[in-house]
Amino acid sequence: MLTALTKKILDEKPDLKKTWESLTPMGRMGLPEELKGAAVFLASDASSYVTGSEIRVDGGYCCT
């Protein structure tokens with residue numbers, strides 16, 4: 001996720017940013033706002049029968 005802390009680090013190390021983005025199928029860093037959908041789902045009745053699951057919001061990173 002491109003938080004204020006990761007943005008600061010990656011601004012200082014553009015090569016690291018390129019590498020990190022190249023490892024993500026979506027080709028970019030995730031934004032904190034993109035976690036909202038998963039959070040709303042988990043906080044809602046729609047997830048009342050969900051147990052022990054992982055909801056990955058990682059732009060496909062886990063697939064590489």
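Reader: Where is Thr6 found?
Author: Thr6 is in helix α1. Keep in mind that this is a predicted model.

Reader: Is Thr6 buried or exposed?
Author: Thr6 is buried. Its relative accessible area is 16%, and the cut-off for buried is under 20%.

Reader: Which backbone oxygen does the Thr6 side chain reach?
Author: That of Met1. The distance is 2.7 Å.

Reader: Trp20, okay. Which residues form the nonpolar patch on the surface?
Author: Leu5, Ile9, Leu16, Trp20, Leu23 and Tyr61. Together they have about 540 Å² of accessible area.

Reader: Which helices each supply at least two residues of that patch?
Author: α1, residues 4–12, and α2, residues 14–22.

Reader: Take Ile9. Where is its place, and what is its relative accessible area?
Author: Ile9 is in helix α1. Its relative accessible area is 35%, which makes Ile9 partly exposed. Patch members need over 30%, so Ile9 qualifies on that count with its 35%.

Reader: Switching to charges. How many salt bridges does the structure hold?
Author: Four. One of them pairs Lys17 with Glu21. Their closest N and O atoms are 3.9 Å apart, and the cut-off is 4 Å.

Reader: Why would such side chains pair at all?
Author: Opposite charges can pair when the charged atoms come close.

Reader: Which helix do Lys17 and Glu21 lie in?
Author: Both are in α2. They sit four residues apart, about one turn of the helix.

Reader: How accessible is Lys17?
Author: Lys17 is partly exposed, at 30% relative accessibility.

Reader: Which residue does Arg28 form a salt bridge with?
Author: Glu34. The closest N and O atoms of that pair are 2.6 Å apart. Arg28 is partly exposed, with a relative accessible area of 33%. Glu34 also comes out at 33% and counts as partly exposed.

Reader: What about Glu54, which side chain does it meet?
Author: Glu54 meets Arg56 in a salt bridge, at 2.8 Å from N to O. Glu54 and Arg56 are both exposed.

Reader: Where is Gly52 found, and is it buried or exposed?
Author: Gly52 is in the segment after α3. At 88% relative accessibility, Gly52 counts as exposed.

Reader: How far apart are Gly52 and Gly30?
Author: 24 Å in space, C-alpha to C-alpha. In sequence they are 22 residues apart.

Reader: Ser47 next. Where does it lie, and is it buried or exposed?
Author: Ser47 also lies in the segment after α3, the helix at 36–43. Ser47 is buried, with a relative accessible area of 8%.

Reader: What is Ser47 in contact with?
Author: Phe41 and Leu42, leaving aside neighbours within four places in sequence. A polar atom of the Ser47 side chain also lies 3.1 Å from the backbone oxygen of Ser44.

Reader: Zoom out. What does the secondary structure come to?
Author: Three helices and zero strands. Along the sequence the pattern is α-α-α. The radius of gyration is 14 Å, well over the 11 Å from the globule rule for 64 residues, so the chain is more spread out than a compact globule.

Reader: What does the C-alpha trace span?
Author: About 45 × 25 × 15 Å along its principal axes.

Reader: How much of the chain counts as buried?
Author: 14% of the 64 residues. The chain exposes about 5,100 Å², and carbon and sulfur atoms supply 60% of that.

Reader: Last one. What share of contacts with a separation of 6 or more comes from residues 24 or more positions apart?
Author: 50%.

Terms used. Residues are numbered from 1 along each chain as its sequence is written. This is a predicted model: local features need pLDDT of at least 70, side-chain atom pairs count only at pLDDT 80 or more; totals for chains, interfaces and linings use all residues. Side-chain values use heavy atoms; hydrogens and water are left out. Patches are made of residues with over 30% relative accessible area and no salt bridge: like charges are joined within 9 Å, nonpolar side chains (Val, Leu, Ile, Met, Phe, Trp, Tyr) within 5 Å. Accessible areas come from the Shrake-Rupley method with a 1.4 Å probe; for residues, only the protein chains shown count as cover. Buried means under 20% relative accessible area, exposed over 50%, partly exposed in between (1.4 Å probe, protein chains only). A polar contact is a pair of N or O atoms within 3.5 Å; within protein, one must be able to donate a hydrogen and the other to accept it, and residues adjacent in sequence count only if both atoms are side-chain atoms. Contact means heavy atoms within 4.5 Å. The radius of gyration is taken over C-alpha atoms; the globule rule is 2.2 Å times the number of residues to the power 0.38.
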